[in-house]
Amino acid sequence: MSRLASRLGALREQGRSALIPYLTAGDPAPDATAGFMHALVEAGADVLEVGVPFTDPMADGPVIQGACERALAAGMSLSGVLDIVTEFRQRDNETPIVLMGYLNPVDRMGLDTFAERAQKAGVDGVLIVDMTAEEAPDVVPTLEDAGLDAVCLIAPTTGDARIEKICAKASGFIYYVSFKGVTGSASLDVSSLAASVERIRAKTQLPVAVGFGVSTPENAADVSRVADAVVVGSALVRQIAEHGADRDATQAALRDTLSAMRRAIDEQDNTQGEARRA
Amino acid sequence: MNTPEPQQLDPGTPLVHAWRNMPDVRGHFGPYGGRFVAETLMAPLDELSEAYEAARNDPAFMAALDNDLADYVGRPTPIYHAERLSKKAGGAQIWFKREDLNHTGAHKINNTIGQALLAARMGKKRIIAETGAGQHGVATATVAARLGLECVVFMGSEDMRRQATNVYRMRLLGAEVRPVESGSKTLKDAMNEALRDWVAHVDDTFYIIGTVAGPHPYPAMVRDFQAVIGRESRRQMLERLDRLPDAVVACVGGGSNAIGIFYPFLDDEDVQIYGVEAGGDGVATGRHAAPLSAGRSGVLHGNRTYLMQDDNGQISGTHSVSAGLDYPGVGPEHSWLKDIGRAHYVDITDTEALNAFHECTRIEGIMPALESAHAVAYAQKLAATMKPDQIVLVNMSGRGDKDMNSVAEAAGESL
């Protein structure tokens, strides 16, 4: 079983929700990211999602676009992202890492080379935003042959037949995009979210993570009530943008932001657990 | 000559060559094209494909389109023998297909009319578009005004500065022009922003893409709407000269005017086809917008195609004196036509295009768009290598009024 599946499986057994923070690798500088990742683990991250910067991140809002621009200006590349994962693994061999990015950098490196190097660096799962099930006949098997999970997106517009098709290919977890929009928009509707997550659960045993639009501890708690995992991105990346070159201040802000979410999720899990026991 | 060209999006002729079969059902032109988008857009793209298939097979829709192309756009556009330009080139006869005479001054409206009618048919109330030089934005704002649809045009802030007149035209037509400040602040970033807007408003919004790029079905749909250019040209050539041209030349940014004139000639194997990319300062300098000449296969804006990119798969900055060609990708069908050798792709530098602009203006009294001036420049070179009884047909895709500032700036003058 992969590091990702065993971590998420264990949490599910304990009745706990996973917290998955996202950072764009190389923002604001390549040598900052591993430190930020450790800080996030200390603040309660269960899985880390590491963004591979791209010049044209068409599914991302302005906050993550800004992160991509800063990272690329600082010289970040897909190869550099894998180096960051290698560096992180020297101190942490437990926390699963999912790379999230767009197809072109992977395509340029070559899918086989990428899969092999990512596995060697210590990556556990890969989510390629603009790689749909239809266009992915070779991507998923190549990733899985290399021992990587292929995380797939499902959106509010995805019909039941497609959900089934996507779930049949995906591994690790399903990433449900909470609303029609780009990352970092604020329009989370928890009531419709529950029904959507159930629609996915009807088709798969894989854990369901929900992202896009989780910006406050309250959002995180609300999402954790219905999903197996909560993904937080723009709320953290905004801290990096605001603190600029001050690494210590940035790490403290990342820690504070994520711990508040962790606490809110844990409280929610405890309440839900007590309700279940009662 | 005054009857509009009947629209035959599905020609129904025997499929002589593989290119008549393209794309496949999922939008692939050989290895190119396809649908590489975030999951949220998959269902809306399916919906669009179905609606387009239904519309193109509906005689009422096609009749409405024919009618608009005749009465509103002003089709058919003439073909014109540029005698003095031909004499100067000293070889083959150069003819222009006068897309510059269309309403709004370029070929772009052939496509926006078609897509806007489709949007109305699908019950969409809001239109969005990306624009570079502003011609597609103006053509979109125009049809939105006519159909009473809300219209938002995304335009890089750098392009808004370069094309201030077109920004004002769009506003006069009732469109909102939304500046795009991300990335290089040009066409590719405007397209990113339009895709982001579409993701957020898929229920009520129709995205009118201006070129033969983007996810399936856009490359095929935009080609079909633009192919009226080639169908008319082919018929006009046969009627006027009782023969086909020896060569067809068009500029290629995203490549919609080019595919529009090329497509109906693809089966005519004696007709040589030339796409002219923006060579900028020269392809060797790296400052250009010529992905087919100097790029590599990759994925951007929903399709696989030739792209200008670095060794890490990041999209490169582009340069061209012509904002409409200033794009790092190209329609996937062009990538495929290049690979199979049916079309040749060449490049023309900023300087060559500006020279052709001035020459065409001074000796023919036709002021070409800077985009089209690239095609004119290559046609001059090509004609010089050919015999006087041969014919080069150039797509005069747009008129140059919009480019006064760029032309003056290049000449060191200010208006």
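## A salt bridge between the chains

The side chains of A:Arg162 and B:Glu39 form a salt bridge, with an N to O distance of 2.6 Å. The model is predicted. Between chain B and chain A the count of salt bridges is four. Polar contacts across this interface involve 21 residue pairs, both residues of each pair being at pLDDT 80 or more.

## Extent of the interface

In terms of residues, 40 of chain B are in contact with 34 of chain A. The two chains bury about 3000 Å² between them, and 50% of that area is on carbon and sulfur atoms. On the side of chain B, the residues that lose the most area to chain A are B:Glu39, B:Arg196 and B:Gln314, which together account for 24% of what that side buries.

## Elements on the chain B side

Five elements are listed below as giving two or more residues to the side of chain B that touches chain A:

- the helices α1 (42–56) and α8 (187–200) of chain B;
- the strands β2 (32–36), β11 (296–300) and β12 (302–307) of chain B.

The element that gives the most is α8(B), with eight residues. By class, this side of chain B has 14 nonpolar, 14 polar and 12 charged residues.

## The sheet of chain B

β11(B) and β12(B) pair in the antiparallel sense over five bridges. Within this pairing, B:Leu300 stands opposite B:Asn303, and B:Gly298 has B:Thr305 as its bridge partner. The two strands form a hairpin with one residue between them, and B:His301 in the turn has a positive phi of about 50 degrees.

## A glycine in chain A

A:Gly80 lies in helix α4 (residues 78–89) of chain A. Is A:Gly80 buried or exposed? A:Gly80 counts as buried because its relative accessibility is 14%, and the limit for buried is under 20%. A:Gly80 and A:Gln272 are 192 residues apart along the chain, and their C-alpha atoms are separated by 42 Å.

Note on methods
Residues are numbered from 1 along each chain as its sequence is written. Chains are lettered from A and ligands numbered from 1 in the order in which they are written. This is a predicted model: local features need pLDDT of at least 70, side-chain atom pairs count only at pLDDT 80 or more; totals for chains, interfaces and linings use all residues. Side-chain values use heavy atoms; hydrogens and water are left out. Contact means heavy atoms within 4.5 Å. Buried area is the accessible area (1.4 Å probe) that two parts lose on being put together, summed over both. A polar contact is a pair of N or O atoms within 3.5 Å; within protein, one must be able to donate a hydrogen and the other to accept it, and residues adjacent in sequence count only if both atoms are side-chain atoms. Helices (H or I, at least four residues) and strands (E, at least two) are DSSP runs, numbered from the N terminus. Ala, Val, Leu, Ile, Met, Phe, Trp, Tyr, Cys and Pro count as nonpolar, Asp, Glu, Lys and Arg as charged, and the others, Gly among them, as polar. Two strands pair if DSSP finds at least two bridges between them. Buried means under 20% relative accessible area, exposed over 50%, partly exposed in between (1.4 Å probe, protein chains only).
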